[in-house]
Amino acid sequence: LCFAVSGGNICTTRGVNSCKQCLAVSPLCAWCSAEVRAGSSPRCDLRTNLLQNGCGQDYIEFPTSTVTILEDRPLSNKGSGSSTTTQMSPQKIQLNLRPDDSQIFRVQVRQVEDYPVDIYYLMDLSNSMKDDLRNIQNLGTKLASEMRKLTSNLRIGFGAFVDKPISPYMYISPPQAITNPCYEIGETCLPMFGYKHVLSLTDEVTRFNEEVRKQSVSRNRDAPEGGFDAIIQATVCDEQIGWRNDASHLLVFTTDAKTHIALDGRLAGIVQPNDAQCHIDKDNFYSASTTLDYPSLGLMTEKLSQKNINLIFAVTDTVVGLYQNYSELIPGTTVGTLSRDSSNVLQLIVDSYGKIRSKVELEVRDLPEELSLAFNATCLNDEVIPGLKSCMGLKIGDTVSFSIEAKVRGCPRERQKSFTIKPVGFKDSLTVVVNFNCDCSCESQAEANSSSCSRGNGTLECGVCRCNPGRLGSHCECSEEEYNPSQQDNCSPQPGQPLCSQRGECICRQCVCHSSDFGKVTGKYCECDDFSCVRFKGQMCSGHGQCNCGDCLCDSDWTGDYCNCTTRTDTCMSSNGLVCSGHGSCVCGKCDCTQPGSYGDTCEKCPTCPDACTIKKDCVECKKFERGVLMEQQSCSRMCRDEIETVQELGDRGKDAVNCTYKDEDDCVVRFQYYEDSSGKSILYVIEEPDCPKGPDILVVLLSVTGAILLIGLAALLIWKLLITIHDRREFARFEEEKARAKWDTGHNPLYKEATSTFTNITYRGNM
C-alpha cells in the first residue's frame, strides 16, 4: 500500500489532533506524546519521522498488531484408542489489532484414521415406505460390516417419523381412521405420530435389526411429511440419542416425499415457532408435535453446526432435486438417490461418508462486524489457492492448512471480542480472542485542569490540550466569545482559498467543522469527510469499505475504486476443484470464460472443449511419465490433481469410468482409465507399460521375400502348365471332331500297293 500523498504522508495530512485519531488514520502512523517538542513538526507522523524530529522513544505511541498462540496441541494420527483426538491446530490464539491493520495466522486440519462414527438412521414410516422397511431389516449387520473397513468404533441408532398428528395432516374421518389410518384402504397400520425415537446409539448392531423388524408403517393425509421436526429433535436431544463428543456424527434421513417447512404449521393453526429444544417424552415420542411449528432451514443449520452433525439426505429420484437445493443451504450435507425400495441404502451411506471425509470446509461463528477474514487454502501438492476455505479430494490421514488474514475496521466500544473457526462436522475448533488496540497508553496519564492548558482550561492528554467546552486553541488559550476576523489567516491551506473549505467556521485561528446529516467532517481545514466517496448500487464504497477523506479504503477481500471487486475465488470453484473449470479466470468473484465455447457460472459447460480423455492425457504424460506440455510449463501440480495408480489391466468400474487410449511421442499406445469416485476424487489408472511397436526382423524379412519369390515362381509354373494343358486338350478335341466327320472308301485303299511290279523294256523288239 502507498500512503504518500502530495505534500506529505497520510499521517500528516489528515489534520488529527489526538492520539486516538492518529492511530485510526493508518497502521503506519505514530503519535508523539511529549509535551515539549523541537520545532513545529506534526505529532502524528511516521515513526521514523518522529524519531528524526527529536521525539524520544519513550514518548512515541505506536502499538503494533501481533498474533499470540495460547493453546497448540499437536495433531493426532489415529482416532480410536487415544484419550483425546486433535484434528485441528492450534486451538486458541490471541490477536492484537490496531485500527485498519491486519494479521495473518495459519491453521492445520487433519482427517485422522480410525475415527469413531455415530450413525442415526431416521426413516419415513409413511405407507409408501412399506417395501423400504422390509429391506432394511438386516441393515445394521451389513452396515457394521462395511463400516468396519473405515472405523473400528461404530455405533448406530434408529428413529422414525410421519407427520404432525393433527388435521389437516392426518385422517380424522371415519372415526376408525384415527387409530387405523389405513382403514379406508382395507389394511391395518399404526396411528399417526410426528417423531419417535426407537433405538439410542449402540454398538450392538443386532439390536438395530431387531428394533427395525418390530416397526410398522403409518399413513398421513397430505403428500409432504414432517421430517424436519424429526431432524431437529434428533439433533438437540443429545442425552436420548447418545451422540458422543469424540465421534463423527451422521444423521441419515430417508424419505420418498417432500417435507413441510417453517410456517406450514399455520394450516393446522400452529403459530408458535419451533424452539429447537428437546421434547421427547417418556414414551420416546415428540410431545410438542401439535404445538410447535416446523423448524426453518436456518434453525436446522445452526443446530446441526453446533452439534457437529453431518446430514445425509437419502431420497428417491422424484424429490432429489428439492433436497439438493436444501443441501446447498445446509453446510456439511450430502444428497444420495435412494432406490424405490431402499435396496441401495447401504452403499449410499458408505459413499456419503466417503464424500464427507474427503472434504474439509471451514466455517466461522460469531465474527465481530468490525472484522473481515480472507482465506487461502493449501490443499494438495502444497499449492496455495487464494480465496478458498475448503479442500476436496482428500484421503483419510491427509493434512491441509489455511492461512487466514484478519483485518479490523474501526474501533468497537467493547475492546475485546472473540470468534470461532471450525471445520464443518468436526468437534475441534479454533477460538480467536481479538484485542482492539484503539487507545493510547498515554491517555491513562491525562492531567485534568492542567496549568499547561491556559491555566486549567483543559486536560493535558498525550502531550496536547483537550479543551473544556467553550475553549479553543492548541493550549485552550481562546474563548469562543473572543472571536476576531483577523485570526482567519490560519484557516485556509493557501491564500485566496475558502476558509475551512466552506464547511466550517474559523474560530481562534482554527477550523471548527460543521456537523452534517450525511456523516462526519474532519481535517485541519475541514477538507475531509466520510460520505463523499463514490457509490455503487446506492452503497458507499459498495458496502465493502470505509470512506476516508474521499477515498474508499476497501476491506481485505475487496478491491477497486468502488470496492466492488472481490478477490475471493471460492465462488469460481467448479466441482472438479479447478478455478472456472480450467476454462477461464476468476475476475471479481465471477468466471470470465476464455476457452472458446465454454459457458456457465463456473465455465463448466463446453460442448466444443476437448473431452475427458484429451484433457487427462496431459496429466498422464506429466505425472506418470514426467514429460509433456504441463511438465515444461511447470503447471502439472496445479492443473492435475488426479491420483495416479499403475495397474496391469483396466478393470470395470462402472459408468463413472472412462477408458482412454492415445499415442505418445514414441508412437507407443498408452491406455488409461479416468475414474471419479463417490467423494469426487479423480483417479487415473494407467497401464504400467505402453504398447510400443517393435523393429523389423531381418531374418523374417529375408525369409518372407524368398518365400514370396518361390511362391510367385511356383504360381507362374502352375499357370503355364495349366495353359498348356488347356491348349492340348482343345487341339485333341478338335482332332476328334474332324475324325468323326471324315468319310473313308472301304473298296479301294489308295495307299495299298501290290507286291508285283511290271516293267517294259523299250529295247526289246520281240521275235524278229
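1. The side chain of Thr725 has a polar atom that lies 2.8 Å from the backbone oxygen of Lys721, a polar contact being a pair of N or O atoms within 3.5 Å, of which, within protein, one must be able to donate a hydrogen and the other to accept it, while residues adjacent in sequence count only if both atoms are side-chain atoms. Thr725 belongs to helix H15, residues 698–741, where helices (H or I, at least four residues) and strands (E, at least two) are DSSP runs numbered from the N terminus. Thr725 is partly exposed, at a relative accessible area of 26%; buried means under 20% relative accessible area, exposed over 50%, and partly exposed in between, with a 1.4 Å probe and protein chains only. From Thr725 to Val434 the separation is 291 residues in sequence and 113 Å in space, C-alpha to C-alpha.

2. A note on the basis of these values: this is a predicted model, in which local features need pLDDT of at least 70 and side-chain atom pairs count only at pLDDT 80 or more, whereas totals for chains, interfaces and linings use all residues. Residues are numbered from 1 along each chain as its sequence is written, and side-chain values use heavy atoms, with hydrogens and water left out.

3. Which residues of helix H4 are buried? In H4, which spans residues 139–147, they are Leu139, Gly140, Leu143, Ala144 and Met147. These residues lie on the same side of H4 because they cover an arc of only 125° around the axis, the arc being that of the directions from the helix axis to the C-beta atoms. The elements against which the buried residues of H4 pack are strands S10 (117–124) and S11 (154–161), together with helices H6 (205–214) and H11 (345–357).

4. On the H4 side the contact is made by Leu139, Lys142, Leu143, Glu146 and Met147, and on the H11 side by Val345, Leu346, Ile349, Val350 and Tyr353, where contact means heavy atoms within 4.5 Å.

5. Ile309 is found in strand S14, residues 309–316, and counts as buried at 4% relative accessibility. Leaving aside neighbours within four places in sequence, Ile309 is in contact with Thr235, Trp243, His249, Leu251 and Leu304. Ile309 and Thr378 are 69 residues apart in sequence and 25 Å apart in space, C-alpha to C-alpha.

6. Two cis peptide bonds deserve a look in the backbone. One joins Ser89 and Pro90, with omega about -5°, and Pro90 is placed in the loop between strand S7 (88–89) and strand S8 (92–97). The other runs from Ser167 to Pro168, with omega near 10°, and Pro168 lies in the loop between S11 and helix H5 (176–179).

7. Leu263 lies in the loop between strand S13 (248–255) and helix H9 (297–306) and counts as exposed at 52% relative accessibility. Cys588 lies in the loop between strand S37 (584–587) and strand S38 (590–593), and is partly exposed, with a relative accessible area of 34%.
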